[in-house]
Amino acid sequence: SGGGGRMGGGMGGGYRDRYGDGGRSGFRDKYGGGGGWGRDGGGGSRDTRPAHLRGLFRKGDSGPDSSATRNAFSSLGSQDVRVQLGGRGPGLKMMAPATMRRDDSAPKREDSKKEAEKKETAKPQKRLTPLEKALEEKEPATNKLLKGGLKKLDMADEVVAEKLAVSIAKGLKEDTIMFDQVEALLLKFALSEGQAARQLAMVFAKLKIECGDGEEGEAAVKKLVEDNKYDALKALKRKKTSAEFNTFLKKLNIEWLKGGPDINSVVQDALDDGKNPEEVVQIVNKTIGEKEDASTCVRVIGDHLAAKVYVKGEKKPNIKEIKAYKPLIARCTQGNEDAGVHILFGLQGGWYKNYGRGEKKAALAAFQELSELKIISHETFEIWRADRADKTKGKPDCLLAVFKFLTELRAKNKPIEPEEGEEGAEGEEFGEEEEEFEHAPTFIN
């Protein structure tokens, strides 16, 4: 039996509550704390509960079964009471809430970043065609590779065109493809005949390098062309005029493919040897033929003529020399009158070098003589005036010296204006251009 009540209630503890504390009914609890029947009743034994439970209520409280105590504990649910109330039992360590514990299984920030980078780099890249792979690895082209891959290549791209030329050149040298096959495929897949001809010209330039460069490479390419019985010049020329074709070959550095003597060197040597202009004409015709284009040597003639007209130390230019060179200029601009602009640039450079900006009349006299003798057309004068690409010195000063002459020449050759009521956008456009040209140009030094 439990401890009896102070008033003699010997029955001892009765019902014990959830937390082991006896009630006022006098029954003993789990820990032996009996109670009395009256208000003053109480257990005879001491409270042996753990300290963290004994502190839940003090003397005078209504007991652990009170509504306040029940509500406090019921709100905790199944969690550890010791943690939530800040206490702990004897010999037990404080436990951290589950939400505060470190989860080592969660990915670290650095690892997540690396994974993201791997995914970024792992994106699928463009799949190369067999021809594109061959171009990257600089392998020789074959008929099969070109048939299957040229359609997807952008030959307008300089880098792609360069790689393609190298690959085809290697294929031609190693005999994995033929000249006529290359020409046919380029014409089929290129955007135009011009693009196909340009790509073929690049192939010849690269083939020369593959065969040894220099004269050795040139000879090897010519022999390769002859052995294959291939007309390279016909394939490259297409619809170009003789003058355009010569310029095309020169621009792509394959003039050697045309063969024959260098007409520029022939003319230069003849003039340096003191041959008169008529004799030089005969030499040109004998070298390349009477109807062949010789416009590439016009600048050579222009520089030589300028040295004759503008002699340093002489007060007046030798304008009469211009008339003597008329037959030679006419022969070399035959079929390409625009090439006469190089005569103007030659005279411009000679005037600026030997006379300078102070002698404007000397520049004007030469231009007027060329116009009066009808050696240079008024269209060619306009080409010279508008040209910004040529780097010959003295252009601004020379233009100022002859500006009035050019204005009068243009007005003289002005096309007939349409009658009233017929003037359209084209006439208005010309009027605006005319007004702009009437004002003298200004240059910033």
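1. Is K206 buried or exposed in this predicted model? K206 counts as buried, because its relative accessibility is 18% and the cut-off for that class is under 20%. Its side chain meets that of E162 in a salt bridge, with N and O 2.3 Å apart. E162 belongs to helix α7 and K206 to helix α9, so this pair ties together parts that are 44 residues apart in sequence. E162 itself is partly exposed, at 33% relative accessibility.

2. Another salt bridge involves R198 and E158, at 3.2 Å from N to O. R198 is in helix α9 (residues 193-210) and E158 in helix α7 (residues 158-173), so parts 40 residues apart in sequence are tied together here. R198 is partly exposed at 31% relative accessibility, and E158 is partly exposed at 46%.

3. Within helix α10 (residues 214-227), K223 and D227 are four residues apart, about one turn of the helix. They form a salt bridge whose closest N and O atoms are 3.1 Å apart. D227 counts as exposed, with 52% relative accessibility. Salt bridges with shared partners also join R299, D303 and D390 into one network. The count of salt bridges comes to nine.

4. Helices α15 (residues 298-309) and α18 (residues 341-354) pack with their axes 8 Å apart, at an angle of about 35°. The crossing is right-handed. Residues making the contact include I301, L305 and V309 of α15 and I343, F345 and L347 of α18. The residues of this contact divide into eight nonpolar, four polar and two charged.

5. E183 is located in helix α8 (residues 179-189). E183 is buried, with a relative accessible area of 19%. Leaving aside residues up to four places away in sequence, E183 touches Y230, A235 and R238.

Key: Residues are numbered from 1 along each chain as its sequence is written. This is a predicted model: local features need pLDDT of at least 70, side-chain atom pairs count only at pLDDT 80 or more; totals for chains, interfaces and linings use all residues. Side-chain values use heavy atoms; hydrogens and water are left out. Helices (H or I, at least four residues) and strands (E, at least two) are DSSP runs, numbered from the N terminus. Buried means under 20% relative accessible area, exposed over 50%, partly exposed in between (1.4 Å probe, protein chains only). Contact means heavy atoms within 4.5 Å. Axes are lines fitted to C-alpha atoms, for helices over the stretch in contact, and angles run from 0 to 180 degrees between N-to-C directions. A crossing is left-handed if the near helix is turned anticlockwise from the far one by less than a right angle, and right-handed if clockwise. Ala, Val, Leu, Ile, Met, Phe, Trp, Tyr, Cys and Pro count as nonpolar, Asp, Glu, Lys and Arg as charged, and the others, Gly among them, as polar. A salt bridge is a side-chain nitrogen of Lys or Arg within 4 Å of a carboxyl oxygen of Asp or Glu.
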